[in-house]
Amino acid sequence: MTRGPAHTPRSLARIVSASLVGTTVEWYDFFLYSSAAALVFNKLFFPTSDPLTGTLLAFTTYAIGFLARPIGGLVFGHFGDKVGRKKLLVISLLLMGGATFAMGLLPTYATIGVAAPLLLTLLRLIQGFALGGEWGGAVLIVSEHGGTSRRGFWASWPQCGAPGGNLLATAVLAILAAVQTEEAFMAWGWRIPFLLSAVLVVIGLWIRLAVAESPVFLAAQRKAEERGVVEKAPIVEVFEHSRRQVFIAMGARMGENVSYYVITAFILVYITESLGLAKSVGLNAVLVGSAIHFVTIPLWGLLSDRVGRRAVYLFGAVAMGVWGFVFFALLDTRSFGVIAFATTVGLVLHGAMYGPQAAFFSELFGTRVRYSGASVGYQLASILAGGLAPLIAVALLDAWDSTLPVSLYLVAMCLITVVAVLVARETKGASLEPEDVAATDEKASLVTR
């Protein structure tokens, strides 16, 4: 079996660093919205007499961003498989940063009325579109630069951009909440994190432009040119030959994605609206948990290199289904230390799914369609999973005045993930080279190890 292109640890570290910085910036932008939806937008852009109703409306625009993600995945995946991973990564960063910066300049409902939430929704759609194309390119450019033996470890680093971005967004909001009065924060302080996005984008762009194009993609491109055959659009090939892999990726995402947004976004609503605690309690708990999450994701990726992607992923899904009940019981203690512990353990268990995910999804698809296939599977699930999770959780809490339905909802999503991973083949050790067509062969997808 071919081992992939040779890279020194130093060159791989440079590629990983560039990918990680870019994904951190993009996730900072995306998560900033979710925190603001729970703390600010519900009051400034969707003012109503009922706090939970305003929050539901704010989270509806939050969910709309997820609707644009599959479209971004389709568009960026198509061109990423045609012209390369690097160019599309630069475009996604610029789109995301521009939309987030513009949010910081938006007038509120009190100033321009209904136009305010409409403009906010438009910018959220742009955010979703950009993020839809970001993930596939970021994890593939790392996966395709490295060999097979430690791909789980190296590919898991771009995944750290999620907790890294969340850590950064939550930290900025927590600092502002600590140094400002509630009135100042609601009047103008909330805009600062959004405007800071411009600085972060410049840094991310400078680093990302230094990354070399994926050697696996370049080799596949040369082979296609040598054959002189006009190939079908990548997305057409995906749905002709890799439908099963797409559904596996979608199923594997459900428990992982829902659990993440329940722990990091819904917690802010529950703590402030139901438990009557200060927003800083939830923000600081997520801050602590995200820091541990960031460190442990690569460890789960490394473990998947040893025992396989499926074993680690299954452990995370089962453990998360159980923790969903413990999590809310611990939140109800109203003790910051206990709340931080509950959040941290939940995010560590989430990492058992999220860590191996990049390598696992990359290995499901062949080179010609890898960007499209991985992106579509990942982003389609985002609509049904993360995009609706806070909305469903808030609605369940509002209807039942209990967190038990929320825990049961989380269990159901984790069960879907368990089934998807069980029917998948083990991909650890698979080659990503162009000549390896097994991943796009429908028969190969039936082999389980």
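## Close-up views of a helical chain

**View 1. Helix H15 (309-331) and helix H19 (404-423) each supply at least two residues of a nonpolar patch.** The model is a predicted one, in which local features need pLDDT of at least 70 and side-chain atom pairs count only at pLDDT 80 or more, while totals for chains, interfaces and linings use all residues. Residues are numbered from 1 along each chain as its sequence is written, and side-chain values use heavy atoms, with hydrogens and water left out. The patch on the surface is formed by Val318, Val322, Phe325, Val326, Leu404 and Leu408, which together have about 510 Å² of accessible area (Shrake-Rupley method, 1.4 Å probe, with only the protein chains shown counting as cover for residues). Patch residues have over 30% relative accessible area and no salt bridge, with nonpolar side chains (Val, Leu, Ile, Met, Phe, Trp, Tyr) joined within 5 Å and like charges within 9 Å; a salt bridge is a side-chain nitrogen of Lys or Arg within 4 Å of a carboxyl oxygen of Asp or Glu. H15 contributes the largest share, 4 residues, and phenylalanine 325 lies in this helix. Phenylalanine 325 counts as partly exposed because its relative accessibility is 37% (buried is under 20%, exposed over 50%, partly exposed in between, with a 1.4 Å probe and protein chains only). Helices are DSSP runs of H or I of at least four residues, and strands are runs of E of at least two, numbered from the N terminus; the chain has 19 helices and 0 strands.

**View 2. Phe153, Trp154, Trp157 and Phe294 are linked into a cluster by ring pairs.** Rings of Phe, Tyr and Trp (its six-membered ring) pair if their centres lie within 6.5 Å, and planes under 30 degrees apart count as stacked, over 60 as edge-to-face and the rest as tilted. Both residues belong to helix H6 (residues 151-159), where phenylalanine 153 and tryptophan 157 are 4 residues apart, about one turn of the helix. Phenylalanine 153 counts as buried because its relative accessibility is 15%, whereas tryptophan 157, at 24%, counts as partly exposed.

**View 3. Phenylalanine 360 and phenylalanine 361 form a tilted aromatic pair, with 5.8 Å between centres and 50° between planes.** Phenylalanine 360 is buried at 1% relative accessibility, and phenylalanine 361 is buried with a relative accessible area of 0%. Threonine 427, in the segment after H19, is likewise buried, at 0%. Apart from neighbours within four places in sequence, threonine 427 is in contact (heavy atoms within 4.5 Å) with Arg309, Phe360, Glu363 and Leu364.

**View 4. The charged end of arginine 150 sits over the ring of phenylalanine 153, 4.8 Å from its centre.** Elsewhere, arginine 253 lies over the face of tyrosine 378, at 3.5 Å from the ring centre. A charge sits over a ring if NZ of Lys or CZ of Arg is within 6 Å of the ring centre and within 35 degrees of the ring normal.

**View 5. Leucine 396, in helix H18 (residues 389-400), and valine 406 are 10 residues apart in sequence and 6.4 Å apart in space, C-alpha to C-alpha.** Neighbours within four places aside, leucine 396 is in contact with Asp401, Ser402, Pro405, Val406 and Tyr409.
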